Amino acid sequence: MKVAILVGSLREHSHNKTLATFIQKRYAKDIDGELLDLNLPLYNEDLESDLPADVVAFKKKVHDADAVLFVTPEYNHSISGVLKNAIDWASRITPDLKEKPGFIVGASMGGLGTVRAQMHLRQILDTMGMRILPANEVFISAAHTKFDEKGDLIDESTVAFLDSVVANFVDFYKRNK
């Protein structure tokens with residue numbers, strides 16, 4: 001399954017980027033994941049008649065993917081502007097997210113993980129007709145204590161839970177393709 005991975009942080013050492021890379025490596029036999037570059041120009045309807053090359057490339061990768069993994073930080077109780085901008089580009093002109101299966105994960109140093117951001121993201125994606133894996137929320141709290149210096153998730157219960165969520169998503173995708 002070809003999966004476009006959208007990480008809502010541009011920070012080099014983001015916990016969410018670390019989580020995305022961990023998922024990409026650990027589940028490579030089930031998921032052919034590609035972290036997409038979200039450093040895109042701000043969405044502007046005036047650009048739709050002549051899309052910037054980086055937007056064209058981004059939209060093609062989302063369109064060609066079988067599914068999308070959203071890896072979201074939480075900024076001010078919501079998703080980042082970077083992630084929202086990417087979603088706006090993916091939803092315009094051609095509906096690259098409509099009917100596409102997806103799942104959401106997130107990590108933060110706080111106690112609630114990214115629960116509020118993920119709730120908001122689900123609301124946004126629902127309006128686009130995405131098929132988001134239900135009842136498998138991955139909220140990694142205290143992320144700074146759960147990864148080692150190589151970027152491996154070292155909290156065994158979190159890894160076991162993530163294993164089950166990815167397996168559930170693979171089954172969800174197979175049942176709904």
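Helices (H or I, at least four residues) and strands (E, at least two) are DSSP runs that are numbered from the N terminus. The legends below describe a predicted model, in which local features need pLDDT of at least 70 and side-chain atom pairs count only at pLDDT 80 or more, whereas totals for chains, interfaces and linings use all residues. Residues are numbered from 1 along each chain as its sequence is written, and side-chain values use heavy atoms, with hydrogens and water left out.

**View 1. The whole chain and its order of elements.** Read from the N terminus on, the elements run β-α-β-α-β-α-β-α-β-β-α, which amounts to five helices and six strands. The radius of gyration, taken over C-alpha atoms, is 15 Å, close to the 16 Å that the globule rule (2.2 Å times the number of residues to the power 0.38) gives for 177 residues, so the protein is as compact as a globular protein of that length. Along the principal axes, the C-alpha atoms fill a box of roughly 50 × 35 × 25 Å. Buried residues make up 49% of the 177 residues, where buried means under 20% relative accessible area, exposed means over 50%, and partly exposed lies in between (1.4 Å probe, protein chains only). Among contacts (heavy atoms within 4.5 Å) between residues at least 6 apart in sequence, 80% join residues at least 24 apart. The protein exposes about 8,800 Å², of which carbon and sulfur atoms supply 51%; accessible areas come from the Shrake-Rupley method with a 1.4 Å probe, and for residues only the protein chains shown count as cover.

**View 2. The annotated segment, residues 1–144.** Over residues 1–144 the chain is 33% helix and 19% strand, with end C-alpha atoms 30 Å apart.

View 3. Residues up to four places away in sequence aside, Lys 59 touches Leu 51, Trp 89, Ala 90, Arg 92, Thr 94 and Asp 96. Val 55 is also placed in helix α2 and is buried, with a relative accessible area of 0%. Beyond its neighbours within four places in sequence, Val 55 is in contact with Leu 40, Pro 41 and Trp 89. Val 55 and Asp 37, which are 18 residues apart in sequence, have C-alpha atoms 9.8 Å apart in space.

**View 4. Met 109 in the loop between β4 and α4.** Met 109 lies in this loop and is exposed, with a relative accessible area of 52%. Although Met 109 and Ala 142 are 33 residues apart in sequence, their C-alpha atoms are 4.2 Å apart in space. When residues up to four places away in sequence are not counted, Met 109 touches His 15, Ala 142, Ala 143 and His 144.

**View 5. Two loop residues with positive phi.** Most residues other than glycine have a negative phi. His 77, in the loop between β3 and α3, has a positive phi of about 70° although it is not a glycine. Ile 93, in the loop between α3 and β4, likewise has a positive phi, near 65°.

View 6. A search of the whole structure finds three aromatic pairs, counted when ring centres of Phe, Tyr or Trp (its six-membered ring) lie within 6.5 Å, with planes under 30 degrees apart called stacked, over 60 edge-to-face and the rest tilted. Phe 169 and Phe 172 form a tilted pair, 6.1 Å centre to centre with 35° between the planes. Both residues lie in helix α5 (residues 156–176), three residues apart, about one turn of the helix, and both Phe 169 and Phe 172 are buried. Ring pairs link Phe 103, Phe 169 and Phe 172 into a cluster.
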